[in-house]
Amino acid sequence: MQCSPIYAPYYPAAGANAVNIQIFEPKAYASAPSAAPVPPMPQYSNQVYQYPQGSMYYPGVPFYPPFYPPYQPVQMPPLPQPPVAPASQPASPAPVAQPPVAPPPVIQPPVAPVSQPTSPAQVAHKNNLKSMFINNEASILAVNLRMMNPTDLDGNGLIQGSEESGNFINAVERLDEIKALGINTLHILPFHPPGKTKAMGVAGSLYAPADFLAIDPMLKDPKDPRSVEEQCKYFVDECHKRGIKVMLDLPSCASLDFAEKHPELMAKEKDGTDKTPGGWQDIRMFEPWQDKEKKILNRPLLEMHKQYVDKAVEYGMDGIRADVARAKPIEFWNVIIPYSRSKDPEFGWLAETYTYEDASPQLNMPADRPHDQLKAGFDTYYGQYHIFNQWNKAQNLYDYVIGNIGMSNNSKDGPKSLIGSFSTHDDQSPMFYGGAPWVMLTTGLQATLPQINPYFVDGVQTGDYYLYPYENAKVSGTSTDSSTATVHRGRLDIFNPGVKPQGPAPEIGIFMQQAMSLKNGAYKEVINKGSFIPLQTDNDDIIAFARHQDGKTLLVVANRNVNRTTNGTIIVPGLRQDQSLQNLVPNYGEKSQFQKENGKLKVSLGTSRFHVFEINSPNIERARGLKIYKQK
Amino acid sequence: MNGVNNISAQNQIISQNLLREKNLFNSLILQSGSKQVDQPKGKLLATYDPVTSLMVSAVDTGKDVRNFVKAIATGKSDDTSLGRMNDVGLKIGGLGIASYLATKRVTSTAKGMEFVGFAAFMAAMTLWPKIFINFPMYLKHGFHIDQKYQDSNGKKKDFSLDNQYRPLDLWKAEEIDAIADKNHIDKDIKDRRELTENWIYKTSLQGKTLATLTAGIAVPLATSMVCSAAEKKLIDFNINRAVEKATAGLENMGKTLAKPLDKNTSKAFEAILSEYKAKPLDGNFYSRLGELFNPLGVIKNEIDGDSIKLISGMNYEQSSKNTAEAIKEVAERAIERFNAAQAVKTQNAESVTSGLVSLLGDKLKIRGGISDTSATTVLDAEKLKGILGNGDLNAQKVLKILKARNVTVEDGDLKAAIEGIFGGTEGQMKEVVKAIRGYAAKDLKEARLTTGALGRFANALAGKRAESVYTRGYNGISSAFTDRMNPSMEQMRRFIDTSRITDEIKTTKSLITRIKELLRPVAKKAGEKEPEKECKTAEEFVIRQIKKIAEWKNDKKPEDSVDYFIKNIKKHLDEMDKFDRPALSGMKKFTDTLATLKDDSIRTAMSNFIRRSRVSNDGTAMRLFAALDLEKRLLSTSVRQNYSQKVIKTAQDIIYRATTITSAESLLVSKGDPEVYKQALKLLFGDKIDKEVKGAMGGELGDLFKDFKNFRAKMLSLYNRQIIDNTEDAVSLGEPIINLFKKGCKKKYNTTKWMQIFGAATVGIIGITLLAQFFIGKSKKEQELYKNKGAKNAV
């Protein structure tokens with residue numbers, strides 16, 4: 001098959017004998033215009049970007065698989081030399097299956113700390129993730145370790161055979177690059193060995209663990225003599241060295257293999273089979289109750305989660321992201337979260353919970369109630385920013401922000417926050433909605449809206465569409481009972497050993513860097529603590545708000561429309577005609593124009609453009625007609 | 001404590017830490033319930049009784065329509081509103097279909113029934129499950145399967161709308177427990193509430209499935225039953241309304257006639273005249289005028305069989321002819337005047353203009369506020385000519401134009417002068433219009449209103465359609481009589497279709513017939529009578545039944561008495577009187593109003609039509625009384641001795657069977673022996689009325705008795721003459737009793753049969769529905785499953 005060079009990373013060269021995937025729908029790829037010109041890589045400067053006509057950033061233009069620029073690894077400091085032989089190995093963490101009456105599996109702590117050049121003791125690290133969350137200071141990147149930095153030698157998109165999988169050691173190579181983006185927290189997607197039965201994908205879903213207390217051996221660098229746990233600690237230490245916090249993802253359900261071994265932990269249907277959450281084939285649900293009506297929790301399940309926390313703390317993790325937090329009741333978290341805090345008062349907790357539901361639309365899953373989760377001790381939650389693209393008025397955004405500020409201020413359990421869940425690994429790449437300009441718009445909003453800890457999925461910084469050449473293809477080599485490389489199109493692959501996320505728009509990363517620098521730099525107090533002031537406009541597409549703190553005022557102006565330029569007038573109290581407007585984030589896409597008047601700004605905003613200016617309006621909070629919202 | 005049990009110091013510290021950790025964890029578990037979940041934002045809604053529920057449903061439908069319109073206008077909606085659009089579509093669509101079908105129906109009742117049918121269908125859809133499924137299930141199971149709740153967004157929803165979307169936390173745990181107790185769910189089952197919750201949904205689903213299964217049959221049945229009951233009420237309502245309206249129309253005739261022609265008709269008339277000012281009048285001209293004035297608008301507006309017959313059968317053609325001639329006469333006069341007026345108006349526009357300029361020029365000089373120069377400029381003769389010289393001006397327009405140029409003409413003389421310039425033209429035009437209006441009011445309108453108002457009145461009172469006073473009276477008499485005859489279904493079937501029965505008996509014999517034959521001896525033993533055997537014909541049956549009434553004694557049921565029979569028929573005559581007396585009084589006023597009309601043939605025809613109808617109904621009732629009177633007197637031995645059997649038979653033939661035709665010249669009775677015939681008439685109408693009959697009619701002073709006496713006298717006269725040469729006499733004989741009875745049988749048989757089939761089906765479906773509920777909500781198997789829950793995977 002003759003392939004255009006543009007697809008070279010996906011297809012082996014003609015005559016190569018390393019083909020081990022079958023493409024069931026070759027037309028899907030063959031239909032791509034082979035003669036399509038490769039758009040030149042835009043080089044970032046302070047000037048406005050000019051996208052080539054026909055670029056995929058323009059909505060309405062037929063999409064073709066993105067051009068992936070060759071990956072340029074960041075120059076990293078040399079790896080520390082692994083010890084020739086560890087002083088001792090920790091006891092196997094594998095839990096022992098016990099009948100319900102038996103005591104839960106007990107994990108023996110190591111008799112003596114592992115002696116490593118980079119042991120936690122040698123890293124000056126103090127966890128403050130909980131504080132970062134509630135102070136809106138965390139900037140989070142979600143990473144899939146097995147895809148974080150693998151080497152795809154044959155370019156087929158899958159890491160197989162002798163190809164080096166993503167692992168703890170090679171992941172370290174990317175930390176400086178991540179740090180440079182302004183990221184200070186990693187959300188490590190589950191890193192446990194996946195179940196193999198009725199599995200999704202050829203590697204198994206990250207969210208279908210076969211053992212909650214073990215680390216996927218695939219993440220061990222075979223060249224490194226340390227155990228996978230030690231390599232994990234090493235990775236965490238390296239993060240900490242760079243000031244990056246690490247948050248581990250706790251899956252809400254278990255694989256079928258796990259359920260088979262631990263029936264006492266699993267929820268049962270009336271016919272005795274394990275309960276399956278609606279929409280999933282490869283996972284089964286836990287039973288959090290021993291007696292729901294008497295409110296007696298399932299002790300063995302609590303014990304397992306306790307040990308999970310022990311493990312996380314042992315690995316040096318700074319917090320946990322609870323997958324589908326509603327899968328367990330408030331009483332359950334009211335044990336586990338305080339327990340974690342007994343070990344680390346600053347242990348941070350992020351709940352995957354979105355919005356109030358009257359009832360759950362998902363079979364067997366309880367209704368989503370963010371308030372209850374936050375009350376149970378979670379510091380921050382997902383919220384609903386992932387449906388921002390469905391809010392067709394700026395006011396919808398303001399309403400949501402204001403509602404959450406009120407929620408936090410009225411919380412009896414201290415301030416709460418959200419993550420900037422504009423796009424998570426469950427969502428389709430935002431590139432599909434509005435291309436790089438849209439991603440930069442949402443990044444700008446994350447950097448300037450109140451009560452938000454910015455959140456990105458690995459790959460978004462380069463505009464990855466998460467399109468994989470092996471999508472749903474039959475694969476010859478598999479480590480599960482499935483030979484289909486199941487992929488949820490347009491979403492980060494969590495089922496297969498894929499390549500490192502990489503997209504065609506590195507300018508997003510540069511924008512992100514500047515935006516995060518703004519948020520956690522000179523304007524940290526204004527953005528993380530300042531008041532939120534929606535401004536009046538005459539156009540629903542214009543997002544306009546001010547942030548103010550101690551006389552310092554930021555003016556944010558954006559066009560939420562991905563299809564056209566938007567014109568309108570914004571009432572900006574205190575704005576003077578001679579005010580200089582300097583965009584504090586990089587310009588991109590179509591040009592915007594501004595006409596200043598006293599107390600008023602007339603704008604013509606380019607498609608999906610985002611701007612933030614510092615303006616001299618120290619008394620804006622006292623202006624008539626404005627509503628001021630402050631997070632306590 | 002160091003070294004105890006060979007535990008190293010380090011391990012001891014670890015053990016202590018582990019113990020501390022374990023204790024801490026245990027204490028946390030003990031405190032796990034220290035935080036409670038928030039109360040749900042939604043709430044369960046009260047469950048209403050069926051009537052309130054129907055009203056709430058109507059209000060909700062209003063909201064749904066509002067949301068629907070909003071969604072159409074904005075393109076935005078939400079899932080709940082979208083889901084409910086199906087219902088809105090059903091209602092709007094149903095209403096649309098009913099409205100369309102109503103336009104195709106002739107009578108008000110038929111039109112109304114389209115909407116009654118739609119409303120009954122919608123109501124049956126709502127009420128059927130509520131009454132026959134939801135309510136019994138509530139009694140049995142302790143919860144409403146149609147329980148509604150309000151969600152966190154304020155939307156009303158059915159809690160069991162979606163079996164996979166269960167807002168169960170809206171129920172209190174105690175409520176779930178109470179339902180479990182009521183339904184005998186074992187108390188020792190683990191996860192009893194979960195089982196109960198699942199069971200509630202399962203039971204609701206079963207109930208709703210039952211509703212779906214039965215609704216397809218039950219709703220049409222219930223709808224037809226409701227419609228059947230509603231139709232009579234609707235007919236009554238329409239009759240009352242029509243009579244009141246028609247009577248009011250007659251009484252207000254004077255006022256209506258005094259009203260000028262409406263503006264639109266005047267304008268349209270003027271437009272036609274304008275079009276024909278320069279060309280000869282042709283057929284199209286007259287047809288357009290005819291269409292415009294529609295002197296017989298009653299036909300167009302009330303196209304129904306009765307109206308058409310009513311008018312066409314009278315003097316419609318003559319009326320049309322008169323009208324056309326009248327229109328032609330007036331139109332020619334109008335055209336002449338109109339053309340003259342137009343000529344004045346258009347002639348010499350220049351001179352009119354110059355006259356204005358000279359007139360206004362002087363006046364403007366003495367007015368303040370506008371300089372002479374500007375005034376001269378504005379009112380330059382050429383300009384003014386340009387503005388005013390279009391030949392289509394009048395004084396008011398000129399004054400308006402001047403006012404628009406800041407020239408306010410307040411000077412009385414000036415105003416008068418301007419009006420004077422145009423006065424001639426306007427005066428002539430006004431005269432034309434006045435003539436038209438005058439003509440329309442006097443001639444065309446009279447013709448139209450006479451026909452229309454009288455037609456409406458006559459139809460309301462005496463129309464052949466179902467919703468007229470006399471039709472109802474006739475139907476009442478027919479039904480009352482047939483009921484009193486008390487025929488069985490078998491008899492009715494035979495009397496309305498004798499041939500079929502005969503064939504059946506002669507040839508195959510149906511299974512039922514055979515069974516009946518087998519059962520006949522048993523029935524005899526049980527004391528049942530066999531009327532079929534005794535009475536082969538309707539006549540035999542009717543005579544026998546009337547004889548029974550005649551033979552009535554105090555020891556029998558009052559419903560079989562002479563008194564009851566007469567009074568039961570009389571009440572229908574009274575009912576007609578109640579309407580036609582005030583209505584006829586209105587007609588008299590109307591007649592007085594139109595006393596000066598040259599041609600009152602329409603009025604006369606209408607009056608005759610009404611009178612004949614009433615006379616016909618009265619005649620029918622009187623024949624019944626006469627038959628009873630005859631049979632009553634025939635009980636007397638002396639009477640039987642005075643008349644031969646042949647005379648008696650002839651008398652019975654006359655009263656039971658004699659018929660006429662509208663233009664009857666002969667009476668269709670036996671042309672046998674004239675003496676027998678004469679004797680028969682004497683027996684029927686000449687001899688003294690039976691005392692009991694007389695008493696039941698109120699005696700000498702009773703109106704009914706007087707009417708009956710008059711009827712007998714008239715009948716005696718008519719039958720003696722043996723010639724009926726006018727319609728009124730023909731209809732005064734009333735309907736032959738046998739015909740009346742057969743018609744009554746047909747109606748009663750159909751109604752009864754219909755009720756037997758549909759009533760039985762309705763009762764059947766209700767029975768099945770209720771019976772099926774005994775199989776709903778079985779939970780033993782579920783309970784067993786829950787008891788063994790987890791066993792499959794348990795270690």
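This is a predicted model: local features need pLDDT of at least 70, side-chain atom pairs count only at pLDDT 80 or more; totals for chains, interfaces and linings use all residues.
1. Strand β9 (residues 319-322) of chain A pairs with β10(A) in the parallel sense, over four bridges. Two strands are said to pair if DSSP finds at least two bridges between them. Helices (H or I, at least four residues) and strands (E, at least two) are DSSP runs, numbered from the N terminus. Within this pairing, A:A322 has A:A351 of β10(A) as its bridge partner.

2. Residues are numbered from 1 along each chain as its sequence is written, chains are lettered from A and ligands numbered from 1 in the order in which they are written, and side-chain values use heavy atoms, with hydrogens and water left out.

3. The pair described above belongs to a closed barrel of eight strands in chain A, β2-β3-β4-β9-β10-β11-β12-β13, with parallel pairing. Strands of a sheet pair through backbone hydrogen bonds, either parallel or antiparallel.

4. Four bridges join β2(A) in parallel to strand β3 (residues 185-188) of chain A, where A:I188 is the bridge partner of A:V143. Three bridges join β2(A), again in parallel, to strand β13 (residues 452-457) of chain A, and there A:Y455 is the partner of A:I140. Both faces of β2(A) are covered, with A:I140 and A:A142 buried on one side and A:L141 and A:V143 buried on the other. Buried means under 20% relative accessible area, exposed over 50%, and partly exposed in between (1.4 Å probe, protein chains only).

5. Is A:E352 buried or exposed? A:E352 counts as buried because its relative accessible area is 4%. This residue lies in the loop between β10 (348-351) and α9 of chain A. Its side chain reaches the backbone nitrogen of A:V324 at 2.6 Å. Contact means heavy atoms within 4.5 Å; residues touched by A:E352 include A:R321, A:D323, A:Y382 and A:D426.

6. Two of these neighbours, A:R321 and A:D323, meet through their side chains in a salt bridge (3.1 Å, N to O), and both are buried. A salt bridge is a side-chain nitrogen of Lys or Arg within 4 Å of a carboxyl oxygen of Asp or Glu. A:K306 and A:D310 form another, at 3.4 Å; they lie in helix α7 of chain A, four residues apart, about one turn of the helix, and both are buried. By contrast, A:D578, which bridges to A:R576 at 3.7 Å, counts as exposed because its relative accessibility is 59%.

7. The interface of chain A and chain B takes 41 residues from chain A and 42 residues from chain B. The area buried between the chains is about 3,800 Å², of which carbon and sulfur atoms give 53%. Buried area is the accessible area (1.4 Å probe) that two parts lose on being put together, summed over both. In chain A, A:K270, A:E293 and A:D358 lose the most area to chain B, together 19% of what that side buries.

8. Seven salt bridges are counted between chain A and chain B. In one of them, B:D38 and A:K375 have their closest N and O atoms 2.6 Å apart.

How values were computed
A polar contact is a pair of N or O atoms within 3.5 Å; within protein, one must be able to donate a hydrogen and the other to accept it, and residues adjacent in sequence count only if both atoms are side-chain atoms. Lists of a residue's contacts leave out its neighbours within four places in sequence.
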